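Student: Could you walk me through this structure with a few questions and answers?
Tutor: Gladly, let's look at it together.

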Amino acid sequence: MNQPPGAAGLPAVGPDAASLPAAGPDAASLPAAGRLPRPVHAGYALGSLATGAFGTVPGLLLLPYLTDTLGVAAGLAALLVLLPKAWDVLVNPVAGRISDRTRSRWGARRPYLLVAGLALAVLFAAIFAAPFGNGPAAAAYVALAFLATATAFAFFQVPYVAMPAEMTDDYAERTRLMTWRIAVLALTILVSGAVAPLVVRVGGDGVPGHRWMGLFVAALIVIGALGAFLGTRSAPGGVVGASEPTLRAQLAVAAANRPFRALLVCFVVQSAGVATILAGVNYFAGQILRDEQSGPTLLFACFVGPALLVMPLWSRVGARLGKRSALVAAGLILAAGALALVAAPLLPLVVVYLVVAVIGVGYAGQQVFALAMLPDCIAYDTARTGRRQAGVFTGLWTAGETLGLALGPGVYGLVLQLSGYVSSDTGTAAAQSDTARLGVLLGFTVLPALLIAPPLLLLRGYHLTPAVLTAAARDGRVDHGVVVGNESR
């Protein structure tokens, strides 16, 4: 297998490197230098079929499923959606530490793409199996199934997100890799978010329709897990050669990384804002646009379609402005679009959908640059400390992201409860009061805007550029020869 030379003149470490002797004290931990082949870009990006489907569909359909099909009160439904994903805040760092210490002929990360990915598919279908029909037993079953699914997702997502920092040490190449991934993620959001409600309707609505939808999304997850596992088999990989001795010590190292702290907190809060938008799509389409049938599908098409088109443009914006400035610009576009939708009851439908398209443009950039900046934080820590522990950083990252994605539906459900939203067990939303409809609107517009824009101020603490990374590699405790390309800021 041909691989590009590694940093500091050492050979790159491939997926089977666990059986090879290290060329130096920490040689196995070094990522590969230079650009990656297109098949690796595509193979890695396919994993977003799994992460995108699980990140989208529960946030979109689980809360309405509980309130409008199983008859669970909005406040309790919000709690049932929040707690299982909040569990991942504890599980994700553990999953990162375990994957950091894994040794196998497939490398440290890839075994989890296969095993956890397939488990995720089976458990996702189980969430909507509804073996107990309606009532308290049905609600408890959903909570437990969702908890198990969230655990499987942690062991898939953490190793998956850790891989880019070990596949390449080129600053610009990480952005290209993330552009491929976010393009597939955006397409997955479109397919899972727009088609899943159609599957529910074609499958007969109510419990039967949701069962078919669960199987449909499970199939997407299987394709994504197998695609990522097989597509990255020739990719350079890293095996941890040295790490902090305890999880507590590793978390302390991550906390000492100021750029990572700033980026993580910003992304977590923004993820909660994005999740409130996802959670409110069905409610917004039915109660504000008065279009329960085609409204959710049209909203997702307008949200994701433009995002796919502008992905290459965002890549060029990042090359010109730098990742941090581009992330700020994308966040402001996303927040402004959400806030503008507060006027939706007075706007023509075509204008509403155009504003949603603007939101999609901002969302695409926000995802691309946040995920492209994470490997830079990991590279900075490696150069500074002499230890590669990408799993811990990505474990914290995905734990925070999962918490944000859980808080969104939870907070939105609380808004519904406070505004007097009436639940139903018929599979169709009940008639709502004007106050409840106002809650639907504000939770979909003002709330996400307030969660997305202010955290951008935290990025003043993020200072990583190619020059800073080069200096860290030169002046750090151990010189790993971090290569960051020719891009300058």
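**A kinked helix and its neighbour**

Tutor: Helix 2 has a kink of about 35 degrees centred on Pro58, the bend being the angle between axes fitted to the seven residues ending there and the seven starting there. This is a predicted model, where local features need pLDDT of at least 70, side-chain atom pairs count only at pLDDT 80 or more, and totals for chains, interfaces and linings use all residues. Residues are numbered from 1 along each chain as its sequence is written, and side-chain values use heavy atoms, leaving out hydrogens and water.

Student: How far apart are the end C-alpha atoms of helix 2?

Tutor: Helix 2 covers residues 48-68, which is 21 residues.

Student: How is helix 2 oriented relative to helix 4?

Tutor: Their axes, lines fitted to C-alpha atoms over the stretch in contact, with angles from 0 to 180 degrees between N-to-C directions, come within 12 Å and cross at roughly 15 degrees. Angles under 35 degrees count as roughly parallel, so helix 2 is, relative to helix 4, roughly parallel.

Student: Is Ala383 buried or exposed?

Tutor: Ala383 is found in helix 13 (residues 349-385). Its relative accessible area is 0%, and buried means under 20%, exposed over 50% and partly exposed in between, with a 1.4 Å probe and protein chains only. Ala383 is therefore buried.

Terms used. Helix = DSSP H or I, 4+ residues; strand = E, 2+ residues; numbered from the N terminus. Expected span 1.5 Å × (residues − 1). Parallel < 35°, antiparallel > 145°, perpendicular 65-115°, else oblique.
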